[in-house]
Amino acid sequence: MALPSYASTGQRVWHYAFRVICGLILFYLIAPLLVVVPLSFNAQDFFTFTPEMLRLDPAGYSLEHYRDFFTNVDWQGPLWNSLAIAPVATLLAVALGTLAAVGLSQSHVPFKRAIMAILISPMIVPLIISAAGMYFFYSRIGLQGTYWGVVLAHAALGIPFVIITVTATLVGFDKSLTRAAASLGAGPMRTFWTVQMPLILPGVISGALFAFITSFDEVVVVMFLGAAGQKTLPWQMFIGLREQISPTILAAATVLIAVSILLLAALELLRRRNERLRGLTPN
Amino acid sequence: QDASAELPPCEGCAESMVIMSWGGAYQNSQLKAYVEPYIAQTGIAVTWDESSNEAIAKLRAAQEAGNMPFDLVDVEGPDAQRACDEGLAAEIDVAEVLAPGADGATVEDDFGDSLINDCYVPQIYFSTTFGYRTDVAEWNGATPDDLCDVFDTTAFPGKRSLQASPKKNLEWALICDGVPAADVYKVLEEEGGVERALAKLDTIKGDVIWWTAGAETPQLLADKEVVIGSTYNGRLFSVIAEQGQPVEMLWDYQNFDFDGWIVPAGLDEARMNRVMHFLHFATDTQRLADQAKYIAYGPARASSQPLVSTHAELGIEMAPFMPTNPDNMKNFLVNNIEWWADHQDEVEATFQNWLAQ
Amino acid sequence: MVQPSTDAFVQFDRVQKSYDGQTLVVKDLNLSIPKGEFLTMLGPSGSGKTTCLMMLAGFETATNGEIRLQGRNINDVPPHKRGIGMVFQNYALFPHMSVAENLSFPLEVRKMGQAEREAKVKRALDMVQMGAFANRRPAQLSGGQQQRIALARALVFEPELVLMDEPLGALDKQLREHMQFEIKHIADNLGITVVYVTHDQTEALTMSDRVAVFNDGRIQQLAPPDELYEAPVNSFVAQFIGENNTMTGVVTAMERDRCVVRLDSGDEIDAMPVNVSRVGERTKVSIRPERVEFNRARFQPGAHTLRARVEEFIYMGDIFRTRLSVAGNDDFVIKTRNAPDQTRLQPGQEIEIGWLPQDCRALDAA
Amino acid sequence: MVQPSTDAFVQFDRVQKSYDGQTLVVKDLNLSIPKGEFLTMLGPSGSGKTTCLMMLAGFETATNGEIRLQGRNINDVPPHKRGIGMVFQNYALFPHMSVAENLSFPLEVRKMGQAEREAKVKRALDMVQMGAFANRRPAQLSGGQQQRIALARALVFEPELVLMDEPLGALDKQLREHMQFEIKHIADNLGITVVYVTHDQTEALTMSDRVAVFNDGRIQQLAPPDELYEAPVNSFVAQFIGENNTMTGVVTAMERDRCVVRLDSGDEIDAMPVNVSRVGERTKVSIRPERVEFNRARFQPGAHTLRARVEEFIYMGDIFRTRLSVAGNDDFVIKTRNAPDQTRLQPGQEIEIGWLPQDCRALDAA
Amino acid sequence: MPAGLGARGAAATPGPMVAADGTPLKASLARSLRRQKMRALLLIAPLLLFIVVSFVLPIGDMLLRSVQNGIVPDTLPRTVVALRDDPAEVPGEAVFEALYADLVVAEEYKVHTQLGSRLNYEMGGASSMFRGAGRAVGRFGTDIYAEQFEDADPALVDPARWAVWMADPAVREALPRTADAYDAWAGFTAELGGDDPAAEELGDVVYAALYRDLASGAQAPGLPAVDVAGFESVSLRDEFIADDAGWGEPAIWDLLRTFSPRVTAGYYLNAVDLQMGPDGVEMRPEGDRIYLQLFVRTMILSVTITATCILLGYPVAFLLASLPMRSANLLMILVLLPFWTSLLVRTSAWKVLLQQQGVINDLLVWAGLIGNDGRLALINNQTGTIIAMTHILLPFMILPLYSVMKGIPPTYVRAAKSLGANDWTAFWRVYFPQSIPGIGAGSILVFILAIGYYITPELVGGTKGVFISNRIAYHISDSLNWGLAAALGTILLAVVLLLYWAYDRMVGIDNVKLGG
Ligand SMILES: Nc1ncnc2c1ncn2[C@@H]1O[C@H](COP(=O)(O)OP(=O)(O)OP(=O)(O)O)[C@@H](O)[C@H]1O
Ligand SMILES: Nc1ncnc2c1ncn2[C@@H]1O[C@H](COP(=O)(O)OP(=O)(O)OP(=O)(O)O)[C@@H](O)[C@H]1O
Ligand SMILES: [Mg+2]
Ligand SMILES: [Mg+2]
């Protein structure tokens, strides 16, 4: 998109205007984060830019809310709960989802559309309906208020993401590779683990990240399904927003944003590495 | 402190409890005043569940599912009434379970009016009242001192925040529409009474931000988003005393209500024993008075009143912030729990429809 | 059709295949391949070549019929137990493994010891002259190098049968010719049986012991290259293999291996009857561009000749292609070698052309 | 190097191009194309052909130098104002428009009236014999048909210059040959100037008036096809165009257009000096397979001949390829036409080969 | 491979194809593919089972609630039966007796309040009637029967004897109402009080039933003979009407009749602002009509959000698609980052930004674009919902758009330019039409997600910017009208499924891409 030498003035203006517009939209996308991060250093207990903060007076800032986040059991408990729930839900979603995506990518799958629709349904059914439905049903079978109840529900919510990303990867997957493995004498399991899995790994990982974030950021279902013992970070944030609006929420969010950036960067590096491996040079 | 000697051992009791409460400062006061001391003495595990906002829904769903995760539920009076009416809460023989007053008063006398039904163990009086900013330029130095100033957007321009619920709002609207406080519920029950209240609310509807959670009004006041707003008096206490915001309270026609415990129906014996053991401890005279050190709510026991002193951390005299302080009680309303229990369904539906219009 | 022979190494017996339950992609295929043969399946796109190969390899199931390997029905043997080596069109090298790991893979799944594996991998790499590249990733190799690795991988576990599906399709012409040569040599040296799929006729002719020409799900002709080129059994094969000049006409005289055809233009020519049996029958006569002579000195005595006008002279490097107008057909092509003494015909020139009767084949009129 | 001519239709004047500011992809390109010429750019992948075409079309800007169209510098003219027709490798037919809409597009953007548009579209479609397909979508056409539409679209607005970037790359051999013929004819009939990019040498030789052989960002030779094939100026061109037998040796005698080379095996041969100038110089001699004679009757009197042993006989249909072992080189190939009286050499046979000295070119030793 | 090539063979042979062995081609094909199909299904089965159990069944179960109406026949079984035989507008004594018995039992189990709440959804005031009646039944004058029976024969008030009588089938047959009332009484006595019925004083309800049985001429073997003709009796009808005049009006009885069946369309009618009136289905009163309006608002807001997403997403996706891979991936992080940040946090951040004293208004005032008293209302209304939700859903628009745009080869635009089109024409006539599938994919995705959103409108939407989902949530956790919530949810779900179906048709669900 470099500007060619023959561009007219109008084109030049538009060229830069377009970039400015895109810049503004991208700014809109991250604007909330730009609010969240500074406010988490607020020395006061409100979500407000205090005059001290605006004057960049050091007194207007403090690490108090971070201290609160890292020491208060009200936050640490949920943090650990989230860390106990999300990975297990992710693992479940990824294991089952990958298996099914591999199945779905085969050439002869009866009722493929219907099956796909069912597997994707947790993504399209409005969350409040899912939450309520699971609440009543899980109560009936004794899963409500249990760790496994939340894990199962979160796994179900994460599965569409795994299915979507892994099937997308499999669409680009060269079937002749698995055939080659078979022709070389490898059975189906071995072919899967040694040939298919390493190659679709980026898709699986990105599906896993989506599943993870789904669970890690989920508040509606867990509030219905969880008992006090399964209180997760978003739940705690939600309570915080309702009962005690405190920038500790923002401190928690900032920590999570930092983690997200790390994860995304890791993903990008992984993708680049994979491209190098496969010899796909960028463009 | 001295309670350790009194606390009898608990035979055949469950070793853990799940308590549903409101979270925030209120829950913190409960924690400090009696849950932590109780844990210190018994070593049981206590888990909090901050869903008192949806207490009835949670209880009902849990009951329908036959799987009751909560041992003790903190609810407002009307919810207690409803839970009791619907069989969601167990009946409690307060005389047997609770400790008599430290001054020797019987349980019934000590709690007095707050014992609104057979399921309820009250803890505190709280009131819903208004806070206003003191730095509103447009008011030209005037400050609201009358409930009806809330409805007067010419003298006191600016946004207000009100609870997205008919309770209290309808009563206040009627009072400002000229109904004597004593007749409010009578008028509400009459044909067209609710509509009359709503019509009064219509006059300020465009200036209202509706809140559903107690923390919203303080935040809105602090953000200058509203100039005046209703909330629980304890919340305003923390805005004023702890956060030092330029806010003051308007006590005129503060609306009293109770907050207290109910025990879900159908707990097994071990859990029931534990809950009763805890209630005995947590609602004695000293414990309820202790709670008022952490939050500006009045203890439900008469015998605790004299023990209320200063804030545990700030050292502020708590009395001026107490709804029960005579200075604050020149005009007040008491939430008519029974009337609300009977009429909540229809009034709520009408009100929500009105809101959605 | 081929007679079922019990000692055939690979045998397709009345095999049919349909993907959709409506159309047959392979129709009644019968084919036996003796051990050590280099057999090529040649045919236009969509004629079912890959499908046959995939059935043999076990990646598609025959809808009907039997496929036998060393006399044993393999319909129910899964692909990884068939022990058939395979080279794919796009090579299908595992991109996440090094060259050596790729080659080692089939040995590992056969639970071979490390030392033995290494020895075999080395031998296979040397065979394709890629010993120095053992630690590269496939992405770091050129197309031709990848091709060689794919070949080595298909051979390293010493299968007796190797299938190749257009393995050279993605290479450029020079490399392709080079690899044709190498593959053929390796196959000959190791004595393995090869089933090779291509739609490049030159490749088929150059490499194969026998060629099976596919069209429309059937084998049209199964014969060694020269027989195929010089004695096509029907006009599809004649048309498909090499370039052809065709003219239609009616048979006017008939001997045992010689007939006279009166072309639609009225001219008479000599031809060899292949698919015609009696006088008066319509026929399409077919003659290869390189079999046409315009040097009178070389005409056979008494041969029928035709007058022709040169339309266009096309220089193609090693050969000259000259387009003529002959008996009303102005797309008649002759090819001559760019030899030192070769005449370059000029457009507009009038010449006389002729051929040996046995080079001009009277085929079905279809 | 071509002399800058003022009346050239297209002229590249000392053009350089770098994408990354570090390496020159096109190095000092000078080229003038007279009006009406069919010029082909031929070269291996990555040699900068497409880059040149894109600079001419205006999609890339030259880093240095000038490109002139009819004498006018077009560096600052945006692509859509250059009025150059272009056929892309993958056709680039707009998938959401019908064939007629595709053709109509360049006319619409030129604000031509409806009636005129329709007439022109019809004429263009008829020209490529696709009149019946006007309402189809590109996806409903076969590759060859799409190709024709792309051609028609590039011609419909009557540009005087048409650029084609490997337009036949995706077609199969038979179709490709057919389309080569058609494109050439249409170009000739309309009298347009064509710059054609390919890496298929046969295509280049068949179609072009002149061929520019690219390598490494430079034109190695710019000449008509037969000159290119028969008189390559350096060993890159010799190697790249057609098949070649090469042998290295030292010049032992030198005349004006004839020299004697002693090969590394000790044998002596006659050759024409091209890139050698003095006795004692090392050289690579190059001879085309079809220029080698083994029929003694045709040898020139007094010519040097070599003994050879037949290694392999490869049947390729219209020609025979025979691999010989000559003077220590066992990759020496000769090609003979599959003519009725052609000898089929047998492996193991010992023969004598020779050639005209002017067919054996002594080139640089690189 | 062009399928057309293979199809040529079929044209020659019309009719069903038959394989070489004579079986129909379809059948032999199916046979040869069976193993592959099984394998694929086997791989999918665990997940399918998982989703069905953990998700589909719960949703189905939830949706069933929208028609279930067991509460009326379960709480008032006797009344429902009695009402069937009494066509009067306000029924007679028999129905009131049944109602009395039912309410006595219901009051013990405390379920009458739930019934009241349930009926209140259909008729304002029903709740307080049932609550009142529940409190009143204990005070009804039915205690006179026990006294009179005791006077007649003390054995009749002996719980132990009653236990024996009520175990005798002959007695039960002779005194059906009594047996029924006794069973109910004994049931709750044992169940709720944990007491032995054979040792407890019988409830009035049993004596009232006995009186009715005997008064209608029943003769029970084994019981002391009592002549009840001289007994003083109470009219339960009068008692009820005295407690609440509503019992004497036809409305409540119409309502009970309408909602006696176990299955009801009532919730659905309610969900579209209809109700079951005496003359069939009719619109609800003006002030109660909110759901249609909410559905319409949900649609309008979702469409608006989708449109803004297109407007904002298109340029960004275009930029991303035209940048080199590396820079595109870096910018992509900016797109994905908010996607990865807690929804709650983002929403609260919008509050901070948008409120009247918030950052944006401050900036505008500072820049002099608006006056201090002209601060914009950007939150707690539809604007707030649109801004915050567009922000949240924008990545769902950008990602599919980007993947479609990535797939448009640059040669098309080049071709257009070589044909004489300027930048705009090349974009509008050539590039844009090819990116439409991306717009379609993104739009449906965004629309589906928007239409079911809940948390964000709840926090920033005020009263005018909320969606139907908020109403569903309200009915689930505040008003406890789960049936209505389920009905609203079913309608919403139906809309979403319809869209999903369209999406699958247009794009194919397997073409959705998330991220590069
Ligand atoms: N998996 C499949 N499902 C349905 N039809 C198929 C499938 N694979 C191939 N076909 C059809 O079967 C026919 C034969 O295909 P096949 O791949 O065997 O042809 P081919 O001879 O290998 O052609 P090519 O030279 O183009 O590779 C074609 O019409 C093709 O469309
Ligand atoms: N957009 C680009 N950015 C950077 N380098 C490029 C770009 N396009 C081409 N190149 C590089 O420029 C060189 C010449 O490329 P060009 O496409 O002109 O070759 P070509 O002769 O057309 O090759 P081919 O026959 O493979 O199409 C190659 O090394 C290529 O990698
Ligand atoms: Mg094929
Ligand atoms: Mg190129």
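Two strands count as paired if DSSP finds at least two bridges between them, and helices (H or I, at least four residues) and strands (E, at least two) are DSSP runs numbered from the N terminus. Keep that at hand for the tour of this predicted model, in which local features need pLDDT of at least 70, side-chain atom pairs count only at pLDDT 80 or more, and totals for chains, interfaces and linings use all residues. Residues are numbered from 1 along each chain as its sequence is written, chains are lettered from A and ligands numbered from 1 in the order in which they are written, and side-chain values use heavy atoms, with hydrogens and water left out.

**Stop 1: chain C**

Select β1, β2, β4 and β5 of chain C: they form an open, antiparallel sheet in the order β2-β1-β4-β5. The edges are β2 (26-33) and β5 (72-73); each has a single partner strand, so one side of each is left without a neighbour in the sheet. Now pick β1 (residues 10-17) and β4 (residues 64-69) of chain C, an antiparallel pair joined by five bridges. Within this pair, Gln11(C) sits opposite Arg68(C).

**Stop 2: chain B**

Along the principal axes, its C-alpha atoms fill a box of roughly 65 × 45 × 35 Å. Its radius of gyration is 21 Å, which agrees with the value near 21 Å for a compact globule of 357 residues. That radius is taken over C-alpha atoms, and the globule rule is 2.2 Å times the number of residues to the power 0.38.

**Stop 3: the barrel in chain D**

Move to chain D, where five strands close into a barrel with mixed pairing, in the order β11-β12-β13-β19-β14. Zoom in on β11 (residues 245-254) and β12 (residues 259-263) of chain D, which pair in the antiparallel sense over five bridges. Here Val251(D) faces Val261(D) of β12(D).

**Stop 4: ligand 2**

Finally, select ligand 2 and the residues around it (a heavy atom within 4 Å); among them are Tyr19(D), Val25(D), Lys49(D), Thr50(D) and His199(D). Which polar contacts can you find (pairs of N or O atoms within 3.5 Å)? A backbone N or O atom of Ser47(D) is 3.2 Å from a ligand 2 oxygen, a polar backbone atom of Gly48(D) is 3.0 Å from an oxygen of ligand 2, and a polar side-chain atom of Glu166(D) is 3.3 Å from an oxygen of ligand 2. The protein covers 57% of the 630 Å² of accessible area that ligand 2 has on its own, by the Shrake-Rupley method with a 1.4 Å probe.

How values were computed
A polar contact is a pair of N or O atoms within 3.5 Å; within protein, one must be able to donate a hydrogen and the other to accept it, and residues adjacent in sequence count only if both atoms are side-chain atoms.
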